[in-house]
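Reader: I would like to go through this model feature by feature. Please give the general idea each time, then the case at hand.

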Amino acid sequence: MVGIAIPVITGCASPATKTERVAADSGMTGLLLVGSAFSHSAFFAEGRGDDLHVYLSGDGSPWIDEHRIAKDPTPRNPVALRLMALDPRPRLYLGRPCYHGLTDSSACDPWLWTNGRYSEEVVASMTHALEEFIQQQDFRNVVLIGYSGGGVLAWLIAERLEQVRLLVTLAANLDTDAWTARHGYTPLLGSLNPAKRAALPARVRQLHIAGERDANVPPALIQTALNSAGSQAIVQVLASDHRCGWQDHWPSVLRAISRIRESQRDP
């Protein structure tokens with residue numbers, strides 16, 4: 001069995017239950033998907049169309065401060081899930097290993113949400129979980145939508161999953177080395193870096209969106225990362241910062257996604 005429905009809990013204010021509350025209010029079904037090495041909390045909603053839109057969240061809160069690792073890295077503000085709630089297409093929110101209440105799993109280690117947050121182990125398990133889901137549900141075409149660090153994972157999954165037709169990233173730190181150096185963070189030595197990877201397959205169209213007021217991942221950092229990766233994709237800049245403003249623009253982004261997908265279907 002690929003996934004089982006899980007109850008949505010709304011009784012307290014932990015990051016995991018905040019996410020569950022947003023999902024419940026939007027009519028999403030909670031799932032537990034099995035990856036290659038980890039279980040993954042997920043949320044699914046039916047919709048109109050043949051494409052599956054897959055949403056990946058940001059890194060959340062890997063660290064409490066400079067010296068202390070967080071016990072639960074789940075995002076306090078589930079930006080990606082809030083965007084997914086505005087999407088009328090069939091859609092899946094795919095959680096990372098150890099996020100959303102799964103931190104106490106025996107397979108979990110803080111390395112998976114710190115230096116190894118974009119590691120081979122993380123990417124392989126998420127890819128496996130997603131592949132099993134789309135085969136079970138008979139989706140043939142996937143649009144990957146990754147916010148912040150979720151955009152890094154979306155890129156790395158797009159390399160591997162043949163059903164991916166479009167990669168959309170929002171405020172994504174696509175050159176992890178340049179991003180950590182910019183902020184003086186510890187280098188993510190256990191992680192894969194899209195800027196150092198081969199160009200994505202031609203079947204994957206790309207739309208990368210930056211916030212003009214984003215001090216965390218400024219537009220220039222995204223454009224430089226794409227140049228390093230050999231991508232010809234254009235960066236679209238919207239009036240937002242790293243966390244705020246995305247919901248206001250999301251209907252227009254969804255229209256852009258639809259236009260790109262329609263152009264891919266043209267003979």
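This is a predicted model: local features need pLDDT of at least 70, side-chain atom pairs count only at pLDDT 80 or more; totals for chains, interfaces and linings use all residues.

Reader: Which are the buried residues of α4?

Author: They run from G149, G150 and G151 through V152, L153, A154, W155, L156 and I157 to A158.

Reader: Which residues touch the most other members of the largest nonpolar core?

Author: In soluble globular proteins, nonpolar side chains tend to be buried together. Here the largest nonpolar core has 51 residues, and L92, L130, F133 and L144 touch the most other members. Setting aside neighbours within four places in sequence, L130 is in contact with V54, L92, L94, L144, I157 and L161. I157 is also one of the buried residues of α4. A second, separate core comprises 29 residues, among them A23, L81, L83 and A171.

Reader: How many aromatic pairs does a search of the whole structure find?

Author: Four. One of them joins F44 and F133, with 5.3 Å centre to centre and 65° between the planes. An angle over 60 degrees counts as edge-to-face, so the F44–F133 pair is classed that way.

Reader: Where in the chain do F44 and F133 lie?

Author: F44 is in strand β3 (residues 39-45) and F133 in helix α3 (residues 120-137). The two are 89 residues apart, and their pair links distant parts of the chain.

Reader: Are F44 and F133 buried or exposed?

Author: F44 has a relative accessible area of 9% and is therefore buried. F133, at 2%, is buried too.

Notes:
Residues are numbered from 1 along each chain as its sequence is written. Side-chain values use heavy atoms; hydrogens and water are left out. A nonpolar core is a set of buried Ala, Val, Leu, Ile, Met, Phe, Trp, Tyr and Cys residues joined through side-chain atoms within 4.5 Å. Buried means under 20% relative accessible area, exposed over 50%, partly exposed in between (1.4 Å probe, protein chains only). Contact means heavy atoms within 4.5 Å. Rings of Phe, Tyr and Trp (its six-membered ring) pair if their centres lie within 6.5 Å; planes under 30 degrees apart count as stacked, over 60 as edge-to-face and the rest as tilted. Helices (H or I, at least four residues) and strands (E, at least two) are DSSP runs, numbered from the N terminus.
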